[in-house]
Amino acid sequence: MTTARTPGHGPLTGVRVVELAGIGPGPFAAMLLADLGADVVRVDRPGGPGLGIDPAYDVTNRNKRSVVVDLKSPEGRDQVLDLAARADVLVEGYRPGVAERLGVGPEPCHARNPRLVYGRMTGWGQHGPLARRAGHDIAYIAPTGTLGMIGSPQEAPPAPANLLGDYAGGSLYLVVGVLAALHHARATGTGQIVDAAIVDGTAHLATMIHGMLAAGGWQDRRGGNLLDGGCPYYGTYETADGRYMAVGALEPRFYAEFLSLLGVDDRAEARTDVTRWDALREEIAARFKARTRDEWTAVFDGSDACVAPVLSLREAPHHPHLAARGTFTDHGGITQPAPAPRFSATPTTVRTGPARPGADTADVARDWDVPGLLPSSRTSQ
């Protein structure tokens, strides 16, 4: 096991990760590894961040260190290979063939370090008709069937930010793959390539739904099923002040408690009678419109009715439960989600703010014993 020389916290303390800078799911995956304690060195390109925001606010680069390398130069290629030789994991998010063209693909990296886990993050994957095509989250999740599941049947499917594809179907699957391959590398001494494609991960997220579809328990259309807004006791409702409450009262006793607190009587049979769902939905909607979101929050507080207020991003950190758990944290003047999940023996924390491009070159050169990173050791930058 590689031992980092810098203080670490979390179960991945001692794991070294090289991140070839990009945007979206690759940096988020590397952030998660860093949150878990890994020593993540982000290799930024000359000319500034790819995301186009002030690096001081790009919290996906928290808990990392940064060096600036010109990968289009022979010196830059050698610097990355030197880092890969000392790393446990490398993460890149280029289109297929780009890393190879730059001279830092799996073959030269594994020649220097056979134990290296080489994580590849793309939308379409490393092969297939669309592999080299450009894309973004919404275009990747569209062919998988998951985007078509979301929203009202009377409207176009909404864009679910970039949470479903980039981060759930992409970053999280890359991290799972990297950790599994790291376990294998430590057991066998042999690294491997992890091909994490957003299309694969997003399709995989819908595994249960495909089973229900095959069993006849799911209709292949929006707004006609138990979990997609078709069910009147699983969805969102507008309140008197134009805000919303979320309802998920699926089980019989939760459903009964929900109706009782809402003030709707004699609707027990409607729970399983689809022909009565439209009328039930109208009655529930009318009740919610009679009070404000905060008033309804007070009504359902402490109950098992499975009802919660729909909060905005700025409101969420102040929710009593999330505040009590410390789900959000403040670091460097930025409110942000705290690392997750939690560990009893190796707790995690936000150790440092967003890495500034190139700010950690000297420290990384020392800690990783890569003197070629230092400006005085290079002929160009």
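User: Where do W296 and F300 lie?

Analyst: In this predicted model, W296 and F300 both belong to helix 11 (residues 293-300), where they are four residues apart, about one turn of the helix. Both side chains are buried.

User: What makes the aromatic pair of W296 and F300 tilted?

Analyst: The ring centres of W296 and F300 are 5.9 Å apart, with 35° between the planes. Rings pair if their centres lie within 6.5 Å, and planes under 30 degrees apart would be stacked while those over 60 would be edge-to-face, so the W296 and F300 pair, at 35°, counts as tilted.

User: Why is the pair of F258 and F288 called stacked?

Analyst: The centres of the F258 and F288 rings lie 6.4 Å apart and their planes meet at 25°; because stacking asks for planes under 30 degrees apart, the pair is stacked. The pair links distant parts of the chain, with F258 in helix 9 (residues 252-262) and F288 in helix 10 (residues 277-288), 30 residues apart. F258 and F288 are buried.

User: How do you know that the charged end of R291 sits over the ring of W296?

Analyst: The charged end of R291 is 4.9 Å from the centre of the W296 ring, and the distance criterion asks for CZ of Arg within 6 Å of the ring centre.

User: Which residues form one aromatic cluster?

Analyst: The cluster is formed by Y237, F258, F288, W296 and F300, and a search of the whole structure finds 10 aromatic pairs.

Definitions and conventions: Residues are numbered from 1 along each chain as its sequence is written. This is a predicted model: local features need pLDDT of at least 70, side-chain atom pairs count only at pLDDT 80 or more; totals for chains, interfaces and linings use all residues. Side-chain values use heavy atoms; hydrogens and water are left out. Rings of Phe, Tyr and Trp (its six-membered ring) pair if their centres lie within 6.5 Å; planes under 30 degrees apart count as stacked, over 60 as edge-to-face and the rest as tilted. Helices (H or I, at least four residues) and strands (E, at least two) are DSSP runs, numbered from the N terminus. Buried means under 20% relative accessible area, exposed over 50%, partly exposed in between (1.4 Å probe, protein chains only). A charge sits over a ring if NZ of Lys or CZ of Arg is within 6 Å of the ring centre and within 35 degrees of the ring normal.
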